[in-house]
Structures are given as structure tokens and as C-alpha cells.
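Please read the sequence and the model side by side, and keep both in view while following the paragraphs below.

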Amino acid sequence: MTSLPPHESGPGEQQPHPNHDRGLEFDLSTMLSRRSLGLFLGAGGAAAALAACTPGGSSTAGQPSSSAATAAASASASPSAANSASATPSPTLTRAIAECGVEIPQETAGPFPGDGSNGPNVLEASGVVRKDITSSFGSASATAEGVPLTFTLTLLDNANGCTPMAGAAVYVWHCDRDGKYSMYDSSLSNENYLRGVQEADSNGQVTFTSIFPGAYSGRWPHIHFEVFESMNNATAAGQVLAVSQIALTQAACDDVYATAGYERSVTNMLRTTLQSDNVFGDDGGIYQLATMAGSAAEGYTAGLNVTI
């Protein structure tokens, strides 16, 4: 695995706390006994998917379409059961396959990953497998406030002809609208919102429901993610396939940050550009900039093709 750059700087003073709860393996103990994992597209399947779909939208303004959006409607629903249904190939998948070839840049997980590499490990907590990451789970109860954001990652295996990575696992996390990370900020050490894990469906897609993150000093607005070969490997050392970040578009950020609750982000955005950001600055985030659509009033959708 490619070595990662040093941790990024973070927002304010952060205080890690000890590991807690039971674990991702507990969530999977019943999930994996009821289903088997497999790749979606063989030679005939790829042809059928491409024949059935027409590429839609541009890479900068099209709204992501995802069969994973119909998966687990709430944290209480079984993500495995929802994802086990056969997914219908979408224009997003067809476009992703057509654009496949450049692998996602490997980036730092930052100082607040919550994956056990720097303090607490949310992957050990029962309840972390979920689509809606807006609220904390387990013994925690806080809900992150902000403009709604639904984002989809489409995972493609570059070494195998850009086939969708069905059955891969994705862990995502990001800051709240005040630029604070749950589990680390002193005021949120007992909360775990804006963190979650999902299994990719047969289109290689995962969709998370969240809130639009704020901008904190020194960083362009972003979402962190880690990709694992499978749900079983999500907690296994050395099994991470990719660590990267999603960059949000300036137009969407400017729109959202003009609303109540995001006042801190306005000033922070003025101090940072994609080119000056210490993660995206080497290439301006060209391979990590999300496709976004929506409005601050109605909420935003975002999508990113992740070639591994």
C-alpha cells in the first residue's frame, strides 16, 4: 500500500478518548451469514449494463444517480439486507466505467480518523454500519445540524477492467458545520455522529445521508473515506485498499455557507483554495472533486468515481 503523507492540521484543540463499544465484527456476525459476496459485471453483464444505460450529465453539474440510494432507509434497518437486492445499472455507473483509468489519489486520513490509528476506534462500535450518519449511535444521542447532503461513491477495480467493486466496504467521516470532529473535539468526545460504514452494492456504489460539512482553518471543505476489500476486512490491519478525500465544489460551499449556522465557514473559505490546500493542492483536487447538484434550501447531492 502506498505510504501516506503526514497528518493534516485540524480544527481547534482536540482530545482523543479511549476505544469503546462492541464492534463492527458484532454488526457483521449476522449479516455475512445470510449472504455471499460476488462481483457484479462479467463479460455479458458489462455489455448489458452499457447497452441499458446512456451516459447522463456533465462531470461538473450532473446529479448522481445511485441504486444504493434505495438501500437502508434508517440506521435501524439492516444494511446487508438492503444491499442484497440486485441493483439496476445507472447512468452514473455507465459514466464511471467510461471515465475509469486514473486511480484515486492516496491521501492522509488526518488526525481524526476514528479508525484506531489515532486514538478511538468507531469501527469497534456496534451500530457503525449504516446509511444515515447524521446522528450519533449506541449510547450517544446528538444529531448534527446543517444543510442535508447525500453523497455516493462508485468503486471501480482498475486492475480488472474497471468492474464495480461489489462487496467492498467504505468507511466515511467528516466534520460538522462548526468544523469539529466527533470523538475528538472536547465538546464531542462522547459523540460519534458523521461516521459510518457501508457495503458496496452490485453497482459498486455506496450512498450516505449526512449534512454539509463546514470549512475549518487550513482546509478546503472535504469528506474522508477508506475503502476495504470486504466488510470482514474493515477492521483487519493492512487491509485498507485506499484512503482518500472528497473535495466539495466552491459553488455549493458558497451557497451553503451563506445560510445560518455556517458563519464560521465563510471566513475560513476566504483563506483557502483548492490549489493552496495541503491535501488537494498538488493537482487542484481534479480527481477528487465531487459532481454536485442541489441548493442550500433543498439540500445537495454529491458523487465521486473512485478507481482503485
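Predicted model: local features only at pLDDT ≥ 70, side-chain atom pairs only at ≥ 80, totals over all residues.

What follows is a walk through the cysteines, the aromatic rings and a sheet of this structure.

How many disulfides does a search of the whole structure find? The search finds one, and it is formed by Cys 100 and Cys 162, whose sulfur atoms are 1.9 Å apart. The two residues belong to distant parts of the chain, since Cys 100 sits in the loop between α4 (91–99) and β1 (148–157), whereas Cys 162 sits in the loop between β1 and β2 (163–164), and 62 residues separate them. The angle about the S-S bond is -85°, and the link of Cys 100 and Cys 162 is left-handed.

Are these cysteines buried or exposed? Cys 100 has a relative accessible area of 16% and is therefore buried, the cut-off being under 20%, and Cys 162 is buried as well, with a relative accessible area of 11%. Two further cysteines can be described in the same terms: Cys 175 is buried at a relative accessible area of 1%, and Cys 253 counts as buried at 0% relative accessibility.

Phe 151 belongs to strand β1 and Phe 208 to strand β5 (residues 205–211), so the pair ties together parts that are 57 residues apart in sequence. Phe 151 and Phe 208 are both buried.

Another pair is that of Tyr 171 and Trp 173, whose ring centres are 4.8 Å apart and whose planes are at 25°, so that this pair too is stacked. Tyr 171 counts as buried because its relative accessibility is 0%, and Trp 173 is likewise buried, with a relative accessible area of 0%. Which residues are linked into a cluster by ring pairs? They are Phe 112, Tyr 181, Tyr 184 and Tyr 216.

An open sheet of four strands runs in the order β4-β3-β6-β7, and the pairing is antiparallel. Its edge strands are β4 (195–199) and β7 (240–247), each of which pairs on one side only. From one strand to the next, the twist averages 20°.

Strand β6 (residues 222–228) and β7 pair in the antiparallel sense over seven bridges, and Phe 225 has Ser 244 as its bridge partner in β7. Val 240 also lies in strand β7, and because its relative accessibility is 18%, against a cut-off of under 20%, Val 240 counts as buried.

Conventions. Residues numbered from 1 in each chain as written. Heavy atoms only, no water. Disulfide = S-S within 2.5 Å. Buried < 20%, exposed > 50% of the residue type's maximum accessible area, 1.4 Å probe, protein only. Phe/Tyr/Trp six-rings, centres within 6.5 Å; stacked < 30°, edge-to-face > 60°. Pairing = 2+ DSSP bridges. Axes fitted to C-alpha atoms, helices over the stretch in contact; angles between N-to-C directions.
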